[in-house]
Amino acid sequence: MERLWGLLQRAQQLSPRSSQTVYQRVEGPRKRHLEEEEEDGEEGAETLAHFCPMELRGPEPLGSRPRQPNLIPWAAAGRRAAPYLVLTALLIFTGAFLLGYVAFRGSCQACGDSVLVVSEDVNYEPDLDFHRGTLYWSDLQAMFLQFLGEGRLEDTIRQTSLRERVAGSAGMAALTQDIRAALSRQKLDHVWTDTHYVGLQFPDPAHPNTLHWVDEAGKVGEQLPLEDPDVYCPYSAIGNVTGELVYAHYGRPEDLQDLRAGGVDPAGRLLLVRVGMISFAQKVTTAQDFGAQGVLIYPEPVDFSQDPPKPSLSSQQAVYGHVHLGTGDPYTPGFPSFNQTQFPPVASSGLPSIPAQPISADIASRLLRKLKGPVAPQEWQGSLLGSPYHLGPGPGLQLVVNNHRTSTPINNIFGCIEGHSEPDHYVVIGAQRDAWGPGAAKSAVGTAILLELVRTFSSMVSNGFRPRRSLLFISWDGGDFGSVGSTEWLEGYLSVLHLKAVVYVSLDNAVLGDDKFHAKTSPLLTSLIESVLKQVDSPNHSGQTLYEQVVFTNPSWDAEVIRPLPMDSSAYSFTAFVGVPAVEFSFMEDDQAYPFLHTKEDTYENLHKVLQGRLPAVAQAVAQLAGQLLIRLSHDRLLPLDFGRYGDVVLRHIGNLNEFSGDLKARGLTLQWVYSARGDYIRAAEKLRQEIYSSEERDERLTRMYNVRIMRVEFYFLSQYVSPADSPFRHIFVGRGDHTLGALLDHLRLLRSNSSGTPGATSSTGFQESRFRRQLALLTWTLQGAANALSGDVWNIDNNF
């Protein structure tokens with residue numbers, strides 16, 4: 001550069017005067033042409049004031065006008081080339097600077113150990129942090145799969161299933177210590193245990209539950225043997241009831257309505273219902289709502305696999321299941337059971353007021369043979385009798401339930417890998433540890449996968465991996481009593497978790513077969529699940545990914561895979577109670593349920609036989625799914641949650657509401673507010689999407705601000721207008737209570753069943769306008785609040801009511 005500048009200065013010194021090119025007016029017949037000439041820089045030279053019709057003239061011929069002596073040729077050429085030389089020098093300098101900068105960044109040892117992780121998936125947001133050179137998503141994926149492949153999932157499942165681990169037992173205490181020690185050996189930042197003192201219900205060995213025949217005179221007769229006195233329904237009402245027996249299929253509301261329509265009233269009677277379709281708690285609550293005296297629950301063989309190579313449930317085996325319509329300790333509803341805190345004597349509204357008892361298929365067949373009355377519908381028939389099932393009523397029965405409540409300590413175990421950029425945001429993954437019986441499928445598989453993921457991520461940390469957000473691994477206690485351990489923890493830290501928990505991933509019931517894959521989840525996770533399914537190989541279809549396996553059966557992959565969160569999942573409380581998006585993965589049998597769940601036959605051997613030797617491959621597939629989901633959620637710069645999905649959910653539900661628009665219009669009512677709130681949510685979601693798209697990708701302040709808004713979307717759908725103590729499941733889509741969309745739809749259906757059919761009818765069992773207005777207001781303003789919150793700052797909100 002110095003040599004170039006010197007050259008330019010010397011050229012100027014050699015020139016006797018300055019020169020410039022001007023455009024000069026041309027007169028006469030040459031008007032509208034341009035003339036170019038060299039003009040002197042002497043004083044008195046006139047400046048041209050007008051530059052209209054011009055032409056560009058070349059140099060005049062020698063002698064045509066007086067000129068200064070000719071300049072040295074190379075100096076004149078230097079003057080003309082000067083701009084090009086300067087530009088060339090600048091380009092060379094800029095290129096050299098950039099090359100030097102890149103080389104310096106690549107070799108500097110003081111710059112830290114951060115590298116860029118680049119995704120092959122367009123939805124993947126990169127982040128920094130590895131000891132090695134630049135890693136692509138495929139490299140990070142390979143690292144995870146390499147360490148995951150070194151585990152012994154199958155051995156852990158077998159060993160766990162052999163250990164006694166009923167909540168509160170000595171065996172569970174020993175297992176708790178072993179798992180905590182196993183976590184402490186890994187490269188985790190924190191390991192700790194949380195203890196809760198909860199009310200659990202157990203059978204009374206001195207006074208077992210009983211079932212007797214009762215004759216027409218009301219005299220108690222022969223006892224029907226309950227083969228295993230240990231099988232019971234926790235949280236059943238205590239006492240004895242007597243009534244005629246009625247067969248009620250699965251005990252769903254529609255089943256009891258059909259029963260009543262067939263001329264058999266369930267009120268005042270004992271109901272015999274089949275395992276399946278809905279939870280035990282829902283069966284008992286429905287029976288109670290229809291006035292039944294008690295419930296007997298049995299496994300119908302036709303509902304389970306009849307494939308000879310696969311094992312089937314023994315006809316002498318009953319199925320265990322709690323009957324609390326809720327989660328957590330039902331004796332401290334809405335409050336954590338820490339340190340044996342003394343609460344006022346209050347019980348959950350989900351506790352039943354009628355007794356319930358599981359029975360085996362053998363006992364059920366003896367009862368079904370005694371039933372008279374109408375023949376049951378064809379879809380209600382089973383395989384226990386050589387003749388059709390009847391609805392009843394049948395002979396009288398007396399059911400005696402003597403379960404007792406015990407204050408029991410339970411322990412949740414935690415392990416944490418702290419994030420480096422957003423350590424106060426937690427990606428949570430958990431698995432139930434306890435089990436009634438061997439619990440191979442129920443909790444041993446989930447526990448084994450959890451421990452394997454802890455070991456795998458620990459190995460990745462040892463090799464330089466640091467997630468952006470914190471990873472929280474949790475082993476839950478008390479799961480078989482209604483997700484007691486997880487719910488008590490949520491109740492204890494409710495004010496913190498809705499601000500800090502990003503997503504919950506449940507490993508419970510992960511392997512119940514290998515034919516179908518289901519994801520029970522929040523809509524926010526649907527797109528991410530689709531992306532991860534394309535990265536995981538099918539465990540039983542060689543050469544196909546899980547996504548390819550699913551779309552081969554049904555091109556609409558989400559219709560095949562996505563299911564709503566059930567209340568008996570630990571993931572349910574995270575979403576419905578705290579407002580944290582959650583997912584629970586399950587591999588299922590094609591058409592039949594896994595027969596051994598919640599029985600003493602849920603052993604490693606039976607699970608292995610049902611899967612015909614593919615248990616390790618299926619468990620590995622679940623671990624890969626969960627692990628890659630964790631990597632994306634903990635490591636992506638921008639949270640991969642699809643906040644626009646809830647707009648589609650609302651639209652789908654509005655389709656159901658539209659069915660009643662004519663009935664409402666006749667009463668002077670409208671659903672316009674719901675439509676408007678839905679529109680505001682859609683606009684807010686699109687506006688946020690555009691903001692993110694146009695923002696500076698590496699602006700950490702903006703990134704965190706966007707992540708906070710995205711991670712709280714699920715929380716926005718918790719109704720802020722109802723009390724958590726009275727209605728703990730405040731989510732308007734998956735919760736329970738009068739504030740939910742489901743309750744509003746159920747109420748609207750009464751418009752079609754109103755006997756009066758006149759506006760203003762206010763029957764306590766029919767449509768009530770005042771109740772409808774309140775429900776509509778709760779729903780609309782919760783949805784509107786979600787739209788407002790998604791909009792960001794208050795000055796960005798544009799309500800169009």
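# Chat: sheet, cores and helices of a predicted model

Q: Which order do the strands of the open sheet have?
A: The open sheet has seven strands, in the order β7-β6-β12-β8-β9-β10-β11, with mixed pairing. Two strands count as paired if DSSP finds at least two bridges between them. Strands (E, at least two residues) and helices (H or I, at least four) are DSSP runs, numbered from the N terminus.

Q: What are the edge strands?
A: They are β7 (220-224) and β11 (356-358), each pairing on one side only. From one strand to the next, the twist averages 35 degrees. Axes are lines fitted to C-alpha atoms, for helices over the stretch in contact, and angles between N-to-C directions run from 0 to 180 degrees.

Q: Before we go on, what kind of model is this?
A: It is a predicted model: local features need pLDDT of at least 70, side-chain atom pairs count only at pLDDT 80 or more, and totals for chains, interfaces and linings use all residues. Residues are numbered from 1 along each chain as its sequence is written, and side-chain values use heavy atoms, with hydrogens and water left out.

Q: Back to β7. How many bridges join β6 to it?
A: Three bridges join β6 (residues 210-214) to β7, and the two run antiparallel. Val-214 stands opposite Val-220 in β7.

Q: Which strands does helix α7 lie across?
A: Helix α7 (residues 280-289) lies across β9 (270-274), β10 (294-298) and β11. The helix runs at about 145 degrees to β10.

Q: What about β5 and β13, how many bridges there?
A: 13 bridges join β5 (residues 190-202) to β13 (residues 404-417), running antiparallel. His-190 stands opposite Cys-416 in β13. β13 is also joined to β15 (residues 469-476), by five bridges and again antiparallel. There, Ile-417 has Leu-471 in β15 as its bridge partner.

Q: Switching to packing. How many residues are in the largest nonpolar core?
A: That core has 181 residues. Those with the most contacts inside it are Leu-367, Phe-457, Phe-473, Phe-643 and Tyr-681. A nonpolar core is a set of buried Ala, Val, Leu, Ile, Met, Phe, Trp, Tyr and Cys residues joined through side-chain atoms within 4.5 Å. Buried means under 20% relative accessible area, exposed over 50%, and partly exposed in between (1.4 Å probe, protein chains only).

Q: What does Phe-643 touch?
A: Leaving out residues up to four places away in sequence, Phe-643 touches Leu-524, Tyr-681, Ala-685, Leu-688, Arg-689, Ile-692, Ile-710, Val-713 and Leu-790. Contact means heavy atoms within 4.5 Å.

Q: Which residues of α18 are buried?
A: Tyr-646, Gly-647, Val-649, Val-650, Ile-654 and Leu-657 are buried. Seen down the axis of α18, the buried residues fall within an arc of 155 degrees, so they line one face of the helix. The arc is that of the directions from the helix axis to the C-beta atoms.

Q: What do they pack against?
A: α19 (661-666), α20 (672-694), α22 (713-716), α23 (741-753) and α24 (769-791).

Q: What span should α18 have?
A: At 1.5 Å a residue, the 14 residues of α18 (residues 645-658) should span 20 Å, and the end C-alpha atoms are 20 Å apart, which agrees. The expected span is 1.5 Å times one less than the number of residues.

Q: And α9, enclosed or exposed?
A: Of its 23 residues, 20 are buried, so α9 is largely enclosed by the rest of the structure. α9 (residues 440-462) reaches 31 Å from its first C-alpha to its last, close to the 33 Å expected. Gly-464 follows α9 and has a positive phi, near 105 degrees.

Q: Which residues other than glycine have positive phi?
A: Among them are His-249, with phi near 55 degrees, and His-598, with phi near 65 degrees. Most residues other than glycine have a negative phi, and most peptide bonds are trans.

Q: Are those histidines buried or partly exposed?
A: His-249 is buried, at 3% relative accessible area, while His-598 is partly exposed, at 22%. His-249 sits in the loop between β8 (239-247) and α6 (253-261).

Q: Where is the cis peptide bond that involves Pro-393?
A: It runs from Gly-392 to Pro-393, with omega near 5 degrees. Pro-393 is in the loop between α8 (361-369) and β12 (396-401).
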